[in-house]
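Please read the report below with the sequence and the 3D view side by side, and look up each part as it is named.

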Amino acid sequence: MASKSVSLEAEDILLASDMIRLGARLQVLQAETSLSYDRLARLYREIRGVSPPKGMLPFSVDWYMTWLPNIHSSLFYNVYRYLDDHTPAKKSLAMVEAYRLYLEQSSVGLRPDDVSAEPILSFTRAWMLVRFFDSDLVQLSACHQCGGRYIAHAHDPATDFVCAICKPPPRAGKTRSRRKAAPVKSA
Ligand SMILES: [Zn+2]
């Protein structure tokens with residue numbers, strides 16, 4: 001019994017350490033592990049050398065719908081979905097792996113010596129995204145031009161969906177093009 005709980009705690013510490021290195025906020029660590037707030041805050045300070053930031057988590061679904069975040073988030077979520085479905089990794093471990101792969105693929109990278117290189121999709125946002133999927137606020141819609149699957153609001157009609165790569169937003173004249181682009185005829 002004792003050794004089992006010790007190994008569980010060790011697993012939690014490993015998981016929390018991985019997540020802290022990837023930029024997770026303390027609220028994420030509290031949800032994903034059974035470690036106490038004090039233990040997590042101490043771990044955070046040991047690894048990052050600063051106190052964990054305070055304040056609320058980003059909770060807006062709309063952020064994931066803006067074009068660049070949408071591309072990055074969709075890339076991450078497709079990898080996560082694949083790992084969660086096809087490997088024995090638990091949800092949180094699949095998240096860590098998927099996020100590492102996302103950092104590699106997005107080529108923003110997070111070199112330990114370069115704190116200024118911030119990825120578009122933070123670990124905390126990635127984690128929130130998985131929660132939004134779990135609570136059915138978002139869905140994956142298939143782009144009918146490229147066939148890729150992208151994050152969209154749940155229950156959005158998916159028939160005429162075109163992704164942010166196939167149809168990037170114009171740099172100028174936003175409101176006019178948005179109105180013009182709104183009704184898409186099915187080809
Ligand atoms: Zn597309």
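In which loop does W63 lie? W63 lies in the loop between α3 and α4, where helices (H or I, at least four residues) and strands (E, at least two) are DSSP runs, numbered from the N terminus. Leaving aside neighbours within four places in sequence, W63 is in contact (heavy atoms within 4.5 Å) with P69, S73, I120, L121 and R125. W63 and S73 are 10 residues apart in sequence, and their C-alpha atoms are 9.9 Å apart in space.

## The model and its confidence

This is a predicted model, in which local features need pLDDT of at least 70 and side-chain atom pairs count only at pLDDT 80 or more, while totals for chains, interfaces and linings use all residues. Residues are numbered from 1 along each chain as its sequence is written, and side-chain values use heavy atoms, with hydrogens and water left out.

The predictor's confidence in each residue is its pLDDT, from 0 to 100, and this averages 85 over the chain, with 83% of the residues scoring at least 70. Confidence is highest in α3, at a mean of 97, and lowest in α7, at 44. Over residues 172–187 pLDDT stays under 50, and for this stretch the model has 5 contacts beyond four places in sequence.

## Overall build

The chain has 7 helices and 2 strands, and from the N terminus on its elements run α-α-α-α-α-α-β-β-α. Of the 187 residues in the chain, 37% are buried, where buried means under 20% relative accessible area, exposed over 50% and partly exposed in between (1.4 Å probe, protein chains only). Among contacts with a separation of 6 or more, 50% are between residues 24 or more positions apart.

## The nonpolar cores

In soluble globular proteins, nonpolar side chains tend to be buried together. A nonpolar core is here a set of buried Ala, Val, Leu, Ile, Met, Phe, Trp, Tyr and Cys residues joined through side-chain atoms within 4.5 Å. The largest such core has 40 residues, of which F76, Y77 and F123 touch the most other members. At least two residues of this core come from each of α1, α2, α3 (37–48), α4 (67–86), α5 (91–105), α6 (123–134) and β1, and α6 gives the most, with 8 residues.

Apart from neighbours within four places in sequence, Y77 is in contact with L129, V130, F133, L140 and I151. A second, separate core has 6 residues, including Y150, A152, F161 and V162.

## The zinc site

The zinc ion has as protein donors (N, O and S atoms within 2.8 Å of the metal, or 3.2 Å for Na, K and Ca; water is not among the atoms, so sites may look incomplete) the SG atoms of C143, C146, C163 and C166, lying 2.3 Å from the ion. The arrangement is tetrahedral because the 4 donor atoms subtend angles of 104 to 114°, and four donors count as tetrahedral if all angles lie between 85 and 135 degrees.

In sequence, the donor residues are spaced C-x2-C-x16-C-x2-C. Distant parts of the chain are linked by the pair C146, in the loop between β1 (138–142) and β2 (149–153), and C163, in the loop between β2 and α7 (174–181), which are 17 residues apart. C146 counts as partly exposed, because its relative accessibility is 43%, whereas C163 is buried, with a relative accessible area of 1%.

Key
Tetrahedral: all angles 85-135°; square planar, octahedral: opposite > 155°, others 65-115°.
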